Amino acid sequence: MIEKHIVLEDVDPATFYGVNNAHIQIIKALYPKLRIVARGDVIRVMGDEEEMCAFEEVIQKLEKHCAKYNSLSEEVILGIIKGKQQPDAPDSGDVILFSISGRPILPRSKNQKLMVEAFCNSDMLFAVGPAGSGKTYTAIALAVKALKNKEIKKIILSRPAVEAGEKLGFLPGDMKEKIDPYLQPLYDALQDMIPAVKLKEYMETNVIQIAPLAFMRGRTLNDAVVILDEAQNTTSQQIKMFLTRMGMNTKMIVTGDMTQIDLPSSQRSGLVEAMRILKNVKGISFIELDKSDIVRHKLVTAIVDAYEKYDEEKKAYREAKKAEEEAAKK
């Protein structure tokens with residue numbers, strides 16, 4: 001009799017073991033000759049060497065399935081252990097990954113699909129579009145997929161700490177507590193894609209790092225997907241500093257909404273300038289999302305339409321007034 005410890009590296013043990021350890025109980029029942037004890041992320045097995053080798057292979061297949069789909073079921077366990085065709089969840093070539101509820105996350109519009117293709121073909125990607133067009137969510141899904149596939153070693157998410165009419169000094173708490181509200185949309189997306197226990201582990205070990213843009217200075221970022229969100233609120237110096245952090249085996253995604261620039265009127269958006277300067281640089285892709293890509297509540301599209309109409313009317317009024325003033329001078 002020998003003993004072996006199998007460590008679950010890529011899954012949340014709670015998901016793998018099932019509610020009230022239902023999954024591990026099924027596995028134990030199907031391997032009566034082995035003594036199996038599961039605690040935390042370690043499965044301790046004792047028994048015959050040949051039987052144990054077969055058991056370890058099954059656990060690896062189950063872990064791979066659970067890591068991909070963020071779920072495990074009795075049907076899958078029985079199918080894999082009995083050597084039948086593995087019953088996969090509904091899949092398609094467009095699926096980026098699966099949420100913690102097992103829902104497929106995939107591009108939901110033409111431009112989101114172009115964004116996925118651009119990420120595969122370029123090391124740097126600029127994705128701009130209105131609120132609700134899915135640019136940030138899609139970017140984070142692509143980063144999580146790359147991490148799960150072991151193409152990279154870490155994900156770094158950043159935002160400039162600039163919001164309309166608010167300053168950090170007026171928020172309570174230490175620096176982390178002041179910064180966290182600005183980064184909450186990034187936490188929300190991650191919590192939808194990575195089980196809570198695994199996400200906490202990733203963040204404690206700095207596999208996933210979320211930091212304000214100011215904390216990027218002086219770093220060289222290797223083996224990572226680096227996302228800069230809300231980049232319309234960066235200055236020229238900030239975005240240049242960010243883009244030049246790029247190291248080996250690293251991909252960068254820069255997202256922003258040109259209609260929501262919260263910088264003082266005296267400052268130019270670094271995103272606008274960067275896109276103009278870099279437009280002909282080989283290896284950089286630019287994707288522009290629009291109203292047709294909005295995947296939030298249908299009212300969001302109506303709101304965007306209303307604001308666009310208002311902006312056009314305001315611009316027309318300013319131009320007419322300017323023309324009147326010039327005519328009066330003559």
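Select Tyr307 to begin, and you will find it in helix α11, which spans residues 298–329; helices here are DSSP runs of H or I with at least four residues, strands are runs of E with at least two, and both are numbered from the N terminus. Tyr307 counts as exposed, at 55% relative accessibility, where exposed means over 50% relative accessible area, buried means under 20%, and partly exposed lies in between, with a 1.4 Å probe and protein chains only. The model in your viewer is predicted, and therefore local features need pLDDT of at least 70 and side-chain atom pairs count only at pLDDT 80 or more, while totals for chains, interfaces and linings use all residues. Residues are numbered from 1 along each chain as its sequence is written, and side-chain values use heavy atoms, leaving out hydrogens and water.

Next, select helix α9, residues 236–243, whose buried residues are Ser236, Ile239, Met241, Phe242 and Leu243. If you then show β6 (124–128), β9 (224–228), β10 (250–256) and α10 (270–278), you will see elements that are included in what covers those buried residues.

From there, go to Leu263 in the loop between β10 and α10, a residue that counts as buried at 12% relative accessibility. Leaving aside residues up to four places away in sequence, Leu263 touches Gln232, Asn233, Thr234, Arg268 and Ser269, where a contact means heavy atoms within 4.5 Å. Leu263 and Thr235 are 28 residues apart in sequence, and their C-alpha atoms are 8.2 Å apart in space.

Move on to His23 in helix α2, residues 22–30, which is buried with a relative accessible area of 12%. The side chain of His23 reaches the backbone oxygen of Phe16 at 3.1 Å.

The next stops concern charged side chains. Side chains of opposite charge can pair when their charged atoms come close. The structure holds 10 salt bridges, each being a side-chain nitrogen of Lys or Arg within 4 Å of a carboxyl oxygen of Asp or Glu. Select Glu56 and Lys4, whose closest N and O atoms are 2.9 Å apart in a salt bridge; this pair links distant parts of the chain, with Glu56 in helix α3 (residues 49–69) and Lys4 in strand β1 (residues 2–7), 52 residues apart.

Then select Arg159 and Glu230, which form a salt bridge with the closest N and O atoms 3.2 Å apart. Arg159 is in strand β7 (residues 154–159) and Glu230 is in the loop between β9 and α9, so that this pair also links distant parts of the chain, 71 residues apart. Arg159 counts as buried at 8% relative accessibility, and Glu230 has a positive phi of about 55° although it is not a glycine.

As a last stop, select Lys198 and Glu201, whose side chains meet in a salt bridge at 3.4 Å, N to O. Both residues lie in helix α8 (residues 196–204), three residues apart, about one turn of the helix; Lys198 is buried, with a relative accessible area of 4%, whereas Glu201 is partly exposed at 34%.

How values were computed: A polar contact is a pair of N or O atoms within 3.5 Å; within protein, one must be able to donate a hydrogen and the other to accept it, and residues adjacent in sequence count only if both atoms are side-chain atoms.
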